[in-house]
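Me: Could you walk me through the sheet and the ligand site of this model? I'd like the cut-offs spelled out along the way.

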Amino acid sequence: GVHGIALQSGPTSGPGPVALVLQDVTEARRVEAVRRDFVANVGHELKTPVGALALLAEAVEDAADDPETVRRFANRMSHEADRLARLVRELIDLSRLQGGEPLPDLVPLGVDRVIAEAVDRTGLAAHAKGISIASGGQHGLVVRGVESQLATAVTNLLANAVAYSPEGTRIAVGARARSGFAEIAVTDSGIGIPRQDRGRVFERFYRVDQSRASSTGGTGLGLAIVKHVASNHGGSVTVWSEEGLGSTFTLRIPLAARAAADPTPDDAGD
Ligand code: ADP
C-alpha cells in the first residue's frame with residue numbers, strides 16, 4: 001500500500017555500509033516514485049473539475065438568452081466548484097497529516113463527542129437520501145487524541161457510508177472498549193466493496209469504480225486521511241465488507257490511561 005513519505009534509512013545491524021547505502025538509494029528512489037505519482041495524480045484530479053468549469057462557462061455565454069439553460073449550467077458549475085473545494089481541502093488535510101508536521105498534543109477526549117460531531121456533519125447528506133444514522137454502543141469512553149483529526153476521520157467514514165448506500169437505508173455508528181483501544185465502528189448496508197479492491201481502498205486516489213465514484217463526487221482521499229489519522233494516534237483502521245450486503249469500517253484509537261486501566265465507565269450498568 002501507499003504509506004507516508006517519511007524518509008527512513010535501512011536497519012542498523014546486519015548489512016555492511018555499502019549495502020546500507022544501496023538500500024538507502026533504493027528507498028530514496030521508491031519515495032521519489034511515490035512522490036511523482038502523487039503529483040501526477042493531483043494534477044489529473046485538479047484538471048477534471050477545472051476543465052468542466054471552463055466548458056460550462058463557455059456554454060453559459062452561448063446560452064445567455066435562455067435563462068433555464070443558464071440556470072442549469074450555473075447549477076453544474078457550483079457542483080464542480082464544490083468538488084474542487086473538497087479536493088483542495090482534503091489535499092491540505094492529507095499533506096498536513098503525512099508531512100512530518102509534529103502532531104499536536106494528544107489529550108484525553110470523549111469518544112461520544114467525536115461521534116456526535118461526525119453525525120452532525122453528515123446529517124444533511126444522510127437526510128437528503130432518507131438515510132438514518134443510529135449511534136449506539138458503549139458510552140463514556142476516553143481516548144488520547146486530537147479532536148479535530150478524529151472528528152474528520154469518523155466524518156469521512158460516515159460520509160462514505162452515506163455515499164455508497166441506497167436511499168432509505170440505515171447506518172450504525174458506535175464505540176466499544178477492547179484491549180486498550182476504543183473501537184469506533186461505522187456499519188452500512190450499502191453496495192459493499194469487491195474482494196479484490198478491499199486491500200487498496202486506503203490508498204490515495206484509489207476508487208473501486210471510477211464512474212461510480214465520480215457520480216458521488218468522491219476524491220479518493222477520504223480513507224487515506226482516515227488511515228493517516230489512525231497511524232498518527234498509534235491506532236489502525238480496517239474494513240469488513242461483502243458486495244451487495246454492506247461494509248463495516250473500524251477505527252481503533254488507544255484509550256486514555258485511566259480508561260485503559262478500567263474500561264468500565266462509571267455509568268455502566270444501564
Ligand atoms: P471517495 O472520495 O471516492 O469516497 P475514499 O478514499 O473515501 O474516496 O474511498 C475510496 C473508495 O472506497 C471509494 O471510491 C469507494 O469505491 C470505496 N468505499 C469507501 N467507503 C465505502 C463504503 N462504505 N461502501 C462501499 N464502498 C466504499
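Reply: Happy to! Two strands count as paired if DSSP finds at least two bridges between them, and strands (E, at least two residues) and helices (H or I, at least four) are DSSP runs, numbered from the N terminus. This is a predicted model, where local features need pLDDT of at least 70, side-chain atom pairs count only at pLDDT 80 or more, and totals for chains, interfaces and linings use all residues. Residues are numbered from 1 along each chain as its sequence is written, and side-chain values use heavy atoms, with hydrogens and water left out.

Me: Thanks! In S5, which residue is the bridge partner of alanine 172?

Reply: Strand S4 (residues 170-178) runs antiparallel to S5, and eight bridges join the two. They form a hairpin with two residues between them, and serine 179 in the turn has a positive phi of about 45°. In S5, alanine 172 is bridged to threonine 187.

Me: Which residue in S7 stands opposite alanine 185?

Reply: Strand S5 (residues 181-188) also pairs with strand S7 (residues 246-254), in the antiparallel sense and over eight bridges. Phenylalanine 181 stands opposite proline 254 in S7. For alanine 185, the residue opposite is threonine 250.

Me: Which strands stand at the edges of the sheet?

Reply: The sheet is open, with five strands in the order S2-S4-S5-S7-S6 and mixed pairing. Each edge strand has a single partner, so one side of it is left without a neighbour in the sheet; the two are S2 (132-137) and S6 (236-242).

Me: How much of the ligand's accessible area does the protein cover?

Reply: Oxygen atoms of the ligand lie 2.8 Å from a side-chain N or O atom of asparagine 160 and 2.9 Å from a backbone N or O atom of glycine 220; the cut-off for such pairs of N or O atoms is 3.5 Å. On its own, the ligand has 540 Å² of accessible area (Shrake-Rupley method, 1.4 Å probe). The protein covers 99%.

Technical notes:
A polar contact is a pair of N or O atoms within 3.5 Å; within protein, one must be able to donate a hydrogen and the other to accept it, and residues adjacent in sequence count only if both atoms are side-chain atoms.
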